[in-house]
Amino acid sequence: IKHLDRVQVLAPLSREQKQAVAKALDEMSFTRGEAIIEQGEVGDSFYIMTQGEVQVLKDGKEQARLTSTATCPQTFGERALLNDEP
């Protein structure tokens with residue numbers, strides 16, 4: 001729950017709702033250079049990154065770089081879920 005309390009998009013949720021979200025989450029780890037999502041893939045996941053860094057590439061060019069820590073998590077993947085887009 002402590003990480004969810006720091007995620008802006010989840011801020012409106014009650015404690016009970018955040019607990020339900022926490023129970024549905026799967027912890028994942030990725031290695032340096034490993035692709036998490038490929039351009040054009042159907043997005044079906046919302047990621048809360050609590051440690052590390054990711055590059056966002058479009059047509060092979062860096063569009064953004066997200067860096068997170070336990071006290072400042074980053075999120076990605078929500079647009080595909082909310083807007084039904086790749």
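Helices and strands here are DSSP runs, a helix having at least four residues and a strand at least two, numbered from the N terminus. On that basis the protein has 2 helices and 4 strands. The model is a predicted one.

**The whole chain**

The order of elements is α-β-β-β-β-α. Turn the model to see its extent: along the principal axes, the C-alpha trace spans about 40 × 30 × 20 Å. The protein has 86 residues, of which 16% count as buried.

Colour the charged side chains next. There are 10 positive and 14 negative ones, and the centres of these two sets are 8 Å apart. If you display contacts between residues at least 6 apart in sequence, 41% of them join residues at least 24 apart.

**Helix α1 and Lys 18**

Select residues 15–24, which form helix α1, and pick out Lys 18 within this helix. Is Lys 18 buried or exposed? Lys 18 counts as buried because its relative accessibility is 8%, and the cut-off for buried is under 20%. Show what surrounds this lysine. Apart from neighbours within four places in sequence, Lys 18 is in contact with Ile 1, Leu 4, Asp 5, Leu 10, Ala 11 and Leu 13.

**The loop between α1 and β1**

Move on to Arg 32, which sits in the loop between α1 and β1. With 87% relative accessibility, Arg 32 counts as exposed. Draw a distance from Arg 32 back to Lys 18: the two C-alpha atoms are 30 Å apart in space, with 14 residues of separation in sequence.

Further along, select Gly 40, which is also found in the loop between α1 and β1; strand β1 covers 47–49. Gly 40 counts as exposed, at 59% relative accessibility.

Now select residues 52–58, strand β2, together with residues 61–68, strand β3. How do β2 and β3 pair? The two strands run in the antiparallel sense, with 7 bridges between them.

- Glu 53 has Thr 67 in β3 as its bridge partner.
- Val 56 has Ala 64 in β3 as its bridge partner.

Zoom in on the turn of this hairpin, where 2 residues lie between the strands. Select Asp 59, which is found in the loop between β2 and β3. Asp 59 is not a glycine, yet it has a positive phi of about 55 degrees. At 60% relative accessibility, Asp 59 counts as exposed.

**Ser 68 in β3**

Follow β3 to Ser 68, a residue of this strand. Ser 68 is buried, since its relative accessible area is 6% and buried means under 20%.

Leaving out residues up to four places away in sequence, Ser 68 touches Met 49, Thr 50, Gln 51, Gly 52, Pro 73 and Gln 74.

For the last stop, select Cys 72, in the loop between β3 and β4, where β4 covers 74–76. Cys 72 counts as partly exposed, because its relative accessibility is 42% and this class lies between under 20% for buried and over 50% for exposed.

Methods
Residues are numbered from 1 along each chain as its sequence is written. This is a predicted model: local features need pLDDT of at least 70, side-chain atom pairs count only at pLDDT 80 or more; totals for chains, interfaces and linings use all residues. Side-chain values use heavy atoms; hydrogens and water are left out. Buried means under 20% relative accessible area, exposed over 50%, partly exposed in between (1.4 Å probe, protein chains only). Contact means heavy atoms within 4.5 Å. Two strands pair if DSSP finds at least two bridges between them. Lys and Arg count as positive and Asp and Glu as negative; His and the chain ends are not counted. The place of a charge is taken as NZ of Lys, CZ of Arg, CG of Asp or CD of Glu.
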